[in-house]
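Dear colleague,

I am passing on the structure below, followed by my notes on what was found in it. Please read them alongside the model.

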Amino acid sequence: MRFIPLLLVFSLFAQDDVGAPPKSGTTGSIGTVTLNGQVYNQLSIRPEIPIGKLGVGLDIYLYFNDEGMYWDSWDFSSGGSAYKTIIDKIYYLRWGQPGDNLYFMAGALPSVTLGQGILVNNYSNIMEYPQVRQVGLNLQAKVAGFGIELIHSNFKSSTPGVLGIRGSRSLLPKLSLGVSFVTDLDQLAGLPDSDGDNYPDYYDFYPDDATKWDDYSGDSLLFNNLYDYHKSENPGISLEDFLNILTVSKSNYSPENATKDPVSGLAIDVTYSLSEKVTLYSQVGFLIGEIDTLINENSISYTDKTKLGWGLVPIGARTKLGPIKLLAEYRMGFERFVFNYWDRAYDVNRVSVNADGVVTRESQLYLYGKLNGFYVQADMSVMNLFTLGTGYQNMQGEKWDEDLNEYKTGETNQTFLSTITINPSLIPKVGKAEAFYQQSNVPNPFDFTPTASTIWGYNLGIEVSSGVMLMYKARTTYISDLENDGEFIPVESIQIETQFIF
């Protein structure tokens, strides 16, 4: 990570320009994609159709390799499967523009913020696209003097990672009040399930076979087959280590009886329009849930349920100075609270697996005590050379010390995120050049030491000929390595395709 090109050091996120106004046209592509650890060839056609204020973007695709077609994405065997198959081909439906009396974006959500962003800020449901295709909704409407906003991250799941609603109303000509509620109905629903049998891979002894999941430890033949499977995945694994794996008791897992682990948030904000270019605001956010924490009383340590915390922005400001948009906040966070809980990385680290087992983002909130500091964000276009967006948080105060089992003062909690998009007309044969980087709630994001919050990548398009562009898309996230003391290792997603413009 220390040798990331300088371009990425000053960058965060850029996706296909889904957020732009609808444009007519059709593109097609030929390339590769990785699904469930297997590489497939991809053939797709992506028509974009504007109909007045309505914009329709479709993504009709086929995956195939030397073993045949990948038919899971074309399953009409039941009503539910047919629904998922059809809705999966809608990349976006869009009506109007943000700020209109009615605006919605359904399908791909490249960036969504609810209210002033204390809970949901720059959330995206396409971080794992195309391996994971989600169909979400961002709806904004004005009805009888009230503002209403709705966020739903994925209609293909009964337990979406983000389900939020906001209501707002003007109290005076320049003063307005907003209330937001957000929930993740079950963080554990984010565990990978490669074969789609409702047994997450962590509990599934056969993660690539939908017909089997138990360990069948009483059957010597199946036991040996299972041992052979683990040896193929982890060369050099001993029988003793394998038997230790079996103690997880995966066979006790039942989808019907599995315990859900929800987390929610409530926010209230007040905004005042000082002028056409300057807006002042204040906001408070509460995270709602309980986590296990270690409590020390009278030299006795025990684990108990502890409620989550809250945060406050007593003063924040947004302004525009020429080509530069600026935002600044003074932040006050209390125990077991982080700002922008539902951020761009949420789908990636909503839940993960490490040496301690299944770990949700919520369960790690115990690490954060009382913290005060600032957050600044700037978005600018530089002399038609490139556009740059960057945000930086620096908060000082308490963080949990694992050795002392208590909060330690004088600690730092920082976040850095940035985007950069270069004007492709400046470089011959380059049709697209954009990159991103993000790392949240770490002591120093400029050390570039990977954590579960680290995401980076880029899109690079080379014009082969008129109407033909070779696209190279790379995404890198990080997971805990169970075999190496929890060290974070990269998970790389690379997509190469040739795009045709019809």
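Asp-75 counts as partly exposed because its relative accessibility is 27%, where buried means under 20% relative accessible area, exposed over 50% and partly exposed in between, with a 1.4 Å probe and protein chains only. This is a predicted model, in which local features need pLDDT of at least 70 and side-chain atom pairs count only at pLDDT 80 or more, while totals for chains, interfaces and linings use all residues. Residues are numbered from 1 along each chain as its sequence is written, and side-chain values use heavy atoms, with hydrogens and water left out.

Asp-75 sits in the loop between β5 (68-69) and α2 (79-87); helices (H or I, at least four residues) and strands (E, at least two) are DSSP runs numbered from the N terminus. Its side chain joins that of Ser-77 in a polar contact of 2.7 Å, meaning a pair of N or O atoms within 3.5 Å, of which, within protein, one must be able to donate a hydrogen and the other to accept it, and residues adjacent in sequence count only if both atoms are side-chain atoms. Beyond neighbours within four places in sequence, Asp-75 is in contact (heavy atoms within 4.5 Å) with Ser-81, Ala-82 and Thr-85.

Best regards
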